[in-house]
Amino acid sequence: MLASCAPVAQGIERLASKQRVVGSNPTWGTIPFQCRAPLVFAIALIWQLVAMVIAIRQAFDYSSAWRAVGVAVVGFISYAVVSSIVYALA
C-alpha cells in the first residue's frame, strides 16, 4: 500500500504554480487518502492514550504518572482486542 504512495508524493515538486489553488496545502492535497490514513490513525491512537492517562491519573488520584500509564496501556490493549473482533465481524 505504501509503495503506491511514493510516485504521487514524488510528483509534488513537478506541479506548476498555476495548478495550485490558493489556500490549499499541496502536500496533503496531492497525497491520496490511503497514504495519509495510517498517519492520521497513529496520531489519533497517541492522542487517545494520552487522554486515557490523564483521565486515569485524575480519577484515581495517582501520584505517579507511570502507574496511570500502566493502567491505561492495559485498558487500551483490551479495548484494541475487543474493537478488532467487532470490526472483523462487521
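Read along the sequence, the chain runs α-α-α-α. Helices here are DSSP runs of H or I with at least four residues, numbered from the N terminus. This is a predicted model, where local features need pLDDT of at least 70, side-chain atom pairs count only at pLDDT 80 or more, and totals for chains, interfaces and linings use all residues. Residues are numbered from 1 along each chain as its sequence is written, and side-chain values use heavy atoms, with hydrogens and water left out.

**Whole chain.** Show the surface. The accessible area is about 7200 Å², and 70% of that belongs to carbon and sulfur atoms. Areas come from the Shrake-Rupley method with a 1.4 Å probe; for residues, only the protein chains shown count as cover. Of the 90 residues, 12% count as buried. Buried means under 20% relative accessible area, exposed over 50%, and partly exposed in between.

**The core.** Select Val53, Ile56, Tyr62, Ala68 and Ala72. These five residues make up the largest nonpolar core, a set of buried Ala, Val, Leu, Ile, Met, Phe, Trp, Tyr and Cys residues joined through side-chain atoms within 4.5 Å. Helix H3 (33-59) and H4 each supply at least two residues of this core. Now centre on tyrosine 62. Which residues is tyrosine 62 in contact with, leaving aside its neighbours within four places in sequence? They are Ile56, Arg57, Arg67, Ala68 and Val71. Contact means heavy atoms within 4.5 Å.

**The loop.** Step back to aspartate 61, in the loop between H3 and H4. Its relative accessibility is 67%, so aspartate 61 counts as exposed. Check the backbone: phi of aspartate 61 is near 55°, a positive value in a residue other than glycine. Most residues other than glycine have a negative phi.

**Along H4.** Move to serine 83, in helix H4. Is serine 83 buried or exposed? It counts as buried, because its relative accessibility is 17%. Draw a distance from its side chain: a polar atom there lies 2.9 Å from the backbone oxygen of tyrosine 79.

**The patch.** Last, select Val73, Ile77, Val81, Ile85 and Leu89. They form a nonpolar patch on the surface, with about 480 Å² of accessible area together. Valine 81 sits in helix H4 (residues 65-89). It counts as partly exposed because its relative accessibility is 44%.

Terms used:
Patches are made of residues with over 30% relative accessible area and no salt bridge: like charges are joined within 9 Å, nonpolar side chains (Val, Leu, Ile, Met, Phe, Trp, Tyr) within 5 Å. A salt bridge is a side-chain nitrogen of Lys or Arg within 4 Å of a carboxyl oxygen of Asp or Glu. Buried means under 20% relative accessible area, exposed over 50%, partly exposed in between (1.4 Å probe, protein chains only). A polar contact is a pair of N or O atoms within 3.5 Å; within protein, one must be able to donate a hydrogen and the other to accept it, and residues adjacent in sequence count only if both atoms are side-chain atoms.
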